[in-house]
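Here's a quick briefing on a few spots in this model. Have a look at the structure first, then go through the notes below.

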Amino acid sequence: MAIPPGRTGGAPAPAGPRRTARRSIRRALAGAAATAVLLGLAVPAAASAAPQAAPPQERRIGTAPTAPADAQPADGPADSTPLSLSITLDPRDPGALQSFVTAVSTPGSPQYRHYLKTGEFAKAFGADPAAVASVNKALTDAGLHPGALDASGLTIPVATTVGEARRAFATGFSGYRLADGSTAYANTEAPRLSGAAAGAVAGVVGLNNLARPHTNHVLADQGAVKPERPNAALAPAFSGGQPTLCADIENWKASQGKHKFQDYFTPDTLAGVYQKSFANGGAGSTVAVFALEDYSDAAIAAYQRCFATAASVSRVKVNGGPTTPVTPANYQDVGVETALDVETIIGFVPNASVLVYQGPDYTRASWADILAVYQKIVADNRAQVVSISWGSCEDRTDHAYQQAANLVYQQAAAQGQSVVAASGDQGSTGCYSGDPTRPDPRLSADDPAGQPYVTGVGGTTINGTPAAPQETVWNSGSGGAGGGGISSRWALDNAASFQAGRTAPGFNPRGCPAAEGISTCRQVPDVSALADSGRGYLISIYAQDRTEYWGTIGGTSGSAPLWAAIIAHANADARCAASGPVGYLNPLLYRLGADALKDVTTGHNNVTASGYSGGLYTAAPGYDMATGLGTPRVDALTRELCAALPQSPAGTYRPTAPTRLLDTRTGDPVTAYGERSLQISGSAGIPVAGVTAVILNVTATAPATDGHLTVYPSDGARPDTSNLNWTAGATVPNLVTVPVGRDGRVTFYNGAWGGVHLLADVQGYYTSDTDGATYQPSGPARVLDTRTSGGPVGAYGEVALTSQQLGAPAGTRAVVLNVTSTGSLEEGHLTAYPSGDARPTTSNLNWTRGQTVPNQVIVPLGADGGIRLYNGSWGPTQIIADVFGFLTTGGGAAFHTTAPHRLMDSRLGLGTPRGAFTGRQVRRLDLDAGGLLSGARAVVLNVTVTNPLEDGHLAVSPSGQASASTSNLNWTAGQTVANMVTVPVGANGALDILNGSWNNADVIVDVLGYYS
């Protein structure tokens, strides 16, 4: 049986000289208007760039790398050495791309939160097709074999060898022995390409491996324990407060003299420190974890059994993924980083999903491989938050790679993905290895934390008491310190940039060569959290048989995933979920009030073993390069981040004659996991402009497999909710209220393994005009039940309801009803329409013989003030109708659209204690007081019942008015049924939900909009 997407049991579910990389992020805005037309967005235009001279026949691209000072010459690589290269192209309009990212990330902008959807980036900002063709030809002419352009439209992969690259790019290669004993190679000259192709290439990634990303964690202690817990299956999901450490591991630590808060931290202690309520546990959020290693599934499972969680954790391998497994011999080195990342996230947001994107092992991954992992995370666009705990000193990181990655992070920002990265564990000297025998005293930020489209996360130490925690800069000397400082690559020259006007203690513009005379450059970190390895995160790092290895781990590799979890928590908040994910964080973080972040004002991140003294950089009131803006107060941070999101304008209702807009039976069904777009604006009498939402009666018929349907605005991200659920072969209708995209369209997504036919009949729409009808709450009240009065409606018969019977007040234009057909002797359908009008050829309900089918209908009143209900069947059927309100010409509430998001899921403990509703049980659903639904007079919901053990019905009513005399859904045992519900809100801002069955059933509630 298909059920709405959720943690478990969900419906089937199956992306002249070239300028160098040392440049400002300022871009000319030429062509912005042209790109705006392509996107349908109002991106600010600017003056055109000056004409450029014709390019010479051959040009060098970028600069050759510089070997580290501690590297020694060695034999160069053999010509047969394989190389994996990425040829990065310039966007067709870099200025328009930066302008769009700024607009989509700036509160008050008309484009704020109007993110690009998956697959749109290449169309809007990918390289010009002529440039792609030119580069492909140049590469082929040089003897290389370019691969297919990647999904972003900016990267051409090339698999080659050192010998082929030497000839193709007119460069030599040198060999080196690095200070850690490993060997490396590097091109001796910048790569060269012929003709205009060179002018289209931003860089060639993969010609050297002088540096490799490293993890940013410190394993302080580890030990083995045989747990007392049974090795049982994980619970369906977690609910009821922040996950708490199991007794056997806590007792084991106590036997060592180690205690929570004093010696290590767990999710519940950190929730107390950072002022976070459990809320929904991140339900509906997905976090991507970047990894260059494998990890122990048994370790993750051990952690989840200990904390009673069951978060979804899965791998996505890129370029083959890692090949070194975690073993008893290497578990202290391989997989520790990923375990820390994953377990920190699921401990803080146990109802979120985690995708671990794995590149090749870091010991062999090329810069092109590493870039490919980031590109895959962003191209898939499955995760709203990206957590990165790997990094490298900026000065040693390949320049071409940094520039290519910068474009990937811009794409993430354009799509609404938040990217957070560890700022490093070597304090202000990011190139220092931690080995006093190999000091590198350069002041350096880490990459990618220093990237402007990434949020760099520093580290703190927590002292004090749980009731009064105190934080200082994490600095254990040669044992590690929170990274921070001035970027040597990125200048923030825009006066509106997020760090404009901020100069932290120790700031020196000469530390930023990329500034090229500009006085402001990127400073790191942006924010901080716990990173002290001596009092760090307690995690499971390896498990085998009945032995588990747990360790206390610190480093900014802990603070980064903690911040990723915090943003996932915010994305799951009702107000944020209503308008899309938080997205690019930096512009918002620097706007936050004092309540959202706790300023850390003591300590410094100077690692004295590197030869520096004097406390570079010191913490101070306000922004500093030791802890950034400070550490989170999660609930206040969430309120501020989500309050900054745009809310939909008020809309009024306009009726339309029921008209069929979609019927795939005349063509091909919607394929498995496929989508179908439907034009709304300008169709069936609906105006071209001003439409905020449309009311559709949607029917799924002839589905090949079980599945579900999600309807959403064409320019929005697909929500983790559903509107219809079906079993193979069934015909299922439901009323759907959905915002209309800026292009006037909505999208239908078939969440099933097989195809399905869809029908959509328009029933009305909401407009930004103020002269339409508004909602007058009423009921619920039963106005028709042919089982107790009048008898069944005969074959092809009708029943009429007058305005008096409906209880319609003066000025009513339409009535909101829940209509149910039951006891039918033949299959058929029901049509509701205004009295006196010609009966339309559309339907509101469809049923098979003996089936009980409910559906909400919004029916305009006829000229005589009444409506008619038509039984389109060969046999009689019983009809029940309950009133849930009226749409009137004055005095009512206006409608506000919202992105569909989940308010309750009894399977998860979301919005209610976890566990099915018991027979005849009433549960209260508290709407988010002070949030999006505060002050709502009524809400529009999609309510689903699944896993019912007996036949029954569900009644949704204002809090305090629960009654078994009305119904919104009806089901038979084992059936999954969804129905749209419009219901007034109780005076206490809550609803009552009654399970009218004598046995258990799970209930899921998604909000679609509200009246206020």
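Helices (H or I, at least four residues) and strands (E, at least two) are DSSP runs, numbered from the N terminus. This is a predicted model, with local features needing pLDDT of at least 70 and side-chain atom pairs counting only at pLDDT 80 or more, while totals for chains, interfaces and linings use all residues. Residues are numbered from 1 along each chain as its sequence is written, and side-chain values use heavy atoms, leaving out hydrogens and water.

**Helix 11**
- Among the buried ones are W367, I370, L371 and Y374.
- Just past the end of helix 11, N381 has a positive phi of about 55°.

**Helices 9 and 10**
- Helix 9 (residues 297-307) packs against helix 10 (residues 336-348) at about 25°, axes 10 Å apart; axes are lines fitted to C-alpha atoms over the stretch in contact, and angles run from 0 to 180 degrees between N-to-C directions.
- That makes the two roughly parallel (angles under 35 degrees).

**Around Q426**
- Q426 sits in the loop between strand 16 (418-422) and strand 17 (446-447).
- Q426 counts as buried because its relative accessibility is 16%.
- A481 is 55 residues from Q426 in sequence, yet their C-alpha atoms are 5.3 Å apart.

Definitions and conventions:
Buried < 20%, exposed > 50% of the residue type's maximum accessible area, 1.4 Å probe, protein only. Parallel < 35°, antiparallel > 145°, perpendicular 65-115°, else oblique.
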